[in-house]
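Subject: Structure handover

Hello,

Please find the structure below.

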Amino acid sequence: LQSAGSRGEQARQLLIDLETRGSRAFPVFLSILRDTGQGDLADMLMEECGRPPAPPQLVDLRPVELSFRGEKHGKKMKKLCHELLQGHPFLVGVRSCWIGLRGRLIAMCARQVYELKADPCGHCLILNNVNFSQDSALSTRDGSDVDCEKLEKRFRALCFNVLTRRDLKAQEMVAELQKLARRDHGALDCCVVVVLSHGCQTSHIQFPGSIYGTDGKPIPIEKIVNYFNGSNCPSLRGKPKLFFIQACGGEQRDRGFVVDCDSPGDEAPGGSLESDATPFQTLSGNVDEPDAVASLPTPSDILVSYSTFPGFVSWRERSSGSWYVETLDSVLEQYAHSEDLPSMLLRVANAVSAKGRYKQMPGCFNFLRKKFFFMCK
């Protein structure tokens, strides 16, 4: 099925395969759907089909010896079997049901999954801030280049055109983001933005947190996301826009809590564990009340993945990079060919939450309307 092409084509091939697997294929398929938590889909299929009549109880069945030999007789045998199968009332009912359902099921699958057909499927912008000005009082982010190299390779393998920018001031970061948002994405199917930097907790309305430029000036994450919304980037309307944020959401350090079961305790090498935290800052000036921005566009087709829970630090090691990016890269390598993005992010959250003496809990704001599967080479 993987070689069939898009998700819609894979669904079409699945139905074709089922039709050739005999009379038990359909019931077995329904059983598998229920066993894997897809009971609603199984019920829908049964509803559309109705309940096919059970095969009649034939008591006078005897084996028949057929002595067809050679190519000519083989063709006769094949034709005879075909006519018998076509004439069986139960099989005819199942077959007609499948023919009627095939188009509906394929259309339904297409509606529920973002289709990535373009190659490359979209742009991936990586903003990697490592060195900060002395005035900013922010430390060098050793290990961030390791993160950057991993994600460059990973997103290229996922059919993205990767653009990397290193050590940018806040206004330079804004300029790169706006430049990407103004590009024509009409022939593309997706867009990805990755930010590797120091971060902080900040007042927000939509998406929490801010990211620092190398000059120590913060950029609200909700501002970054909104550059790509339907109003500011028309060519990405209805297309998935994915944001991956490796930065602290605050300065709190989570020591976790005791659980009954044993969990992995990956201790970081002594002295190499660092955070991307800076203190909480309140936005200056008068902050709009929520009803003052009620007319902002709805953030549809957007997913923002955070390396840590708002208000808490995000850990990074000098030699292997951040916990979040290391785990994200590993999960994408293993599961991108078979799982949708939110399912993979659950794997990332579970793995990262089990690490270290201090704890870290990744999460995401998911406003996607469909399932998202990466395109794998």
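In these notes a residue is buried when its relative accessible area is under 20%, exposed when that area is over 50%, and partly exposed in between (1.4 Å probe, protein chains only). This is a predicted model: local features need pLDDT of at least 70, side-chain atom pairs count only at pLDDT 80 or more, and totals for chains, interfaces and linings use all residues. Residues are numbered from 1 along each chain as its sequence is written, and side-chain values use heavy atoms, with hydrogens and water left out.

Salt bridges

A salt bridge here is a side-chain nitrogen of Lys or Arg within 4 Å of a carboxyl oxygen of Asp or Glu. Side chains of opposite charge can pair when their charged atoms come close. By this rule there are eight salt bridges.

One of them joins E333 and R154, with 3.9 Å from N to O. E333 lies in helix α9 (residues 323–335) and R154 in helix α6 (residues 144–157), so this pair ties together parts that are 179 residues apart in sequence. Helices (H or I, at least four residues) and strands (E, at least two) are DSSP runs, numbered from the N terminus. E333 is exposed, at 53% relative accessibility, while R154 is buried, at 16%.

Another salt bridge links R165 to E176, whose closest N and O atoms are 3.4 Å apart. R165 belongs to strand β2 (residues 160–166) and E176 to helix α7 (residues 170–182), so the pair ties together parts that are eleven residues apart in sequence. R165 is partly exposed at 29%, and E176 is buried at 18%.

R347 and E339 also form a salt bridge, at 2.7 Å from N to O. R347 is partly exposed, at 35%, and E339 is buried, at 18%.

Helix α10

Helix α10 (residues 341–353) has 13 residues and spans 18 Å from its first C-alpha to its last, close to the expected 18 Å. The expected span is 1.5 Å times one less than the number of residues.

Which residues of α10 are buried? They are L341, M344, L345, V348, A349 and V352. They cover an arc of only 145° around the axis, which puts them on the same side of α10; the arc is that of the directions from the helix axis to the C-beta atoms. The face turned away from this buried side carries the exposed residues L346 and N350. The buried residues of α10 pack against β7 (241–246), β10 (302–306), α9 and β13 (363–367), where contact means heavy atoms within 4.5 Å.

Regards
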